[in-house]
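The structure comes first, and the description follows.

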Amino acid sequence: MTETFVFSGKTQKLALSLIIIGVLGLVIGFSFTDANRVWANVLLNTYLFLGISVTGVFLAAAHQIGYGGWHVLIKRVFEATGSYIPYLGIAVVLLLVGAKMHWHHLYHWMDPEIYNPSSPHYDKILAGKQSYLNFSFFSFRAIAYVILWALFGYLIWKVSVKQDEAGDIAYHSRYKTYAALFLVVFAITSSTSSWDFIMSIDPHWYSTLFGWYNFASLTVSGVAMITLLVLYLKSQGYLKYVNEEHYHNLGLFMFGFSVFWAYLWFSQYMLQWYANLPEETLYFYQRLKGRTLFKVLFYVNLLLCFFFPFLFLMTRAAKRNPLKLAVASIVILVGHWIDFYLMVMPGSAGEHAALGLTELFITLGFAGGFIFVVLKTLTKASLVPVNDPYLKESVIHHTLK
């Protein structure tokens, strides 16, 4: 059953071409547009692809702890997504260096004048948050997220491969230990990272649902990306034992998390609407009463992230159809890119925010990097974990007819 993935020349060239397009997007952006707009796009895509990458590790860990068996045939794809995290760490460091060198002003709370009582820019509210919102502690947390996620991603991938090589059940137990530890870390950092990277862009605003909201958005994006990778591998003749039952489960994840995202989207909006507190309603005011671009995307976001996947994936047949799953995955990824665009751009780029070649090229560059790194990682071990004790369960996996 061993399957060795060969990273074809065509796919490599496509991924490298996308990376070059991304670099071109940075050059065009810095040459012809506002620098803050470019940095905001880097932040958006860094955070989005960090979430997509760590989602694979999360799903692998959650299934291991939950004694899940259906996913074993595709768990290599889950595990491989974590290999992109260290490369995104470089982007995180660049964002931190950019803030320190005043190359961008994505986080206006980093301005020291805000905390100086004698300054006309003094902000009493933000001064009260200075113990948490300061550059040193923020940088420590940002780097810690990357290190922890990358470390556990590597450990989980490594122990899974070792289990294949040795066939020792001890590696399965070690996998479970790493998975349990990671889930504890992820339970905390999935929320705090959203507060740091995204919510602190608008530091006067806060939402107690924001961590969950981000978790739902990133998880459904991660499942959509994993689904596309599985469909690609299947189309190339790999994953021979993956069938419509596995597709069905991936479709269920996308459908379920889309509904969960919509529930949180509505709950966050409803709670802030009826409370009618200025510091809470500001977030929605910027997006609904501000620029036309934000207002239009606000409703497009809801259409692509909820109504389309809800209606399109509602039937059992749709979840088992590769073409429909591919369409749903692409629409979900576009929708949640817009979701994060609306979280990032109004507070960071403001009037300079736009939709153009800069946004498209930078996003394609990050996507190209993801494709190249993840597929390269998949060449390093068998696509089928032949010594996983739940492999047979995955091969004969079926849902109720």
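## The largest pocket

The lining of the largest pocket draws at least two residues from each of α1 (9-32), α2, α8 (210-235), α13 (322-348) and α14 (357-378), where helices are DSSP runs (H or I, at least four residues) numbered from the N terminus. The model is a predicted one, in which local features need pLDDT of at least 70 and side-chain atom pairs count only at pLDDT 80 or more, while totals for chains, interfaces and linings use all residues. Residues are numbered from 1 along each chain as its sequence is written, and side-chain values use heavy atoms, with hydrogens and water left out.

The space in this largest pocket comes to about 660 Å³, a volume being the space filled by probe spheres set on grid points that are joined across faces, edges and corners. A pocket here is an open set of points on a 1 Å grid over the protein atoms alone, where a 1.4 Å probe fits, with protein on both sides within 12 Å along at least five of seven lines, and lining residues have an atom within 4 Å of a point. The largest pocket is lined by 23 residues, and Met225, Leu228, Leu333, Leu364 and Ala367 are the closest to its centre. Helix α14 gives the most to this lining, with 7 residues. By class, the lining of the largest pocket holds 19 nonpolar, 3 polar and 1 charged residues, with Ala, Val, Leu, Ile, Met, Phe, Trp, Tyr, Cys and Pro counted as nonpolar, Asp, Glu, Lys and Arg as charged, and the others, Gly among them, as polar.

## The second largest pocket

The second largest pocket has a volume of about 470 Å³, and of the 19 residues that line it, Leu26, Tyr84, Ala91, Gly365 and Phe366 lie nearest its centre. Two or more lining residues come from each of α1, α2, α4 and α14, and α14 gives the most, with 6 residues. The classes in the lining of the second largest pocket are 16 nonpolar, 3 polar and no charged.

Helix α2 (residues 35-65) and helix α4 (residues 85-100) have axes that come within 10 Å and cross at roughly 150°; axes are lines fitted to C-alpha atoms, for helices over the stretch in contact, and angles run from 0 to 180 degrees between N-to-C directions. The helices α2 and α4 are therefore roughly antiparallel, a term for angles over 145 degrees. Contact, meaning heavy atoms within 4.5 Å, involves Trp39, Val42 and Leu43 among the α2 residues, and Ile85, Leu88 and Ala91 among those of α4. The residues of this contact comprise 12 nonpolar, 2 polar and no charged.

Helix α2 also packs with α8, at an angle of about 75° and with the axes 8 Å apart, which makes α2 roughly perpendicular to α8, the range for that term being 65 to 115 degrees. The contact includes Tyr47, Leu48 and Phe49 of α2 and Asn214, Phe215 and Met225 of α8. Its residues divide into 11 nonpolar, 7 polar and no charged.

## Packing of α9 and α10

Helix α9 (residues 244-275) packs with helix α10 (residues 278-288) at an angle of about 110°, their axes lying 9 Å apart, so α9 is roughly perpendicular to α10. In this contact, Gln268, Tyr269, Gln272 and Ala275 of α9 meet Glu280, Thr281, Phe284 and Leu288 of α10, giving 4 nonpolar, 3 polar and 1 charged residues.

Definitions and conventions
Parallel < 35°, antiparallel > 145°, perpendicular 65-115°, else oblique.
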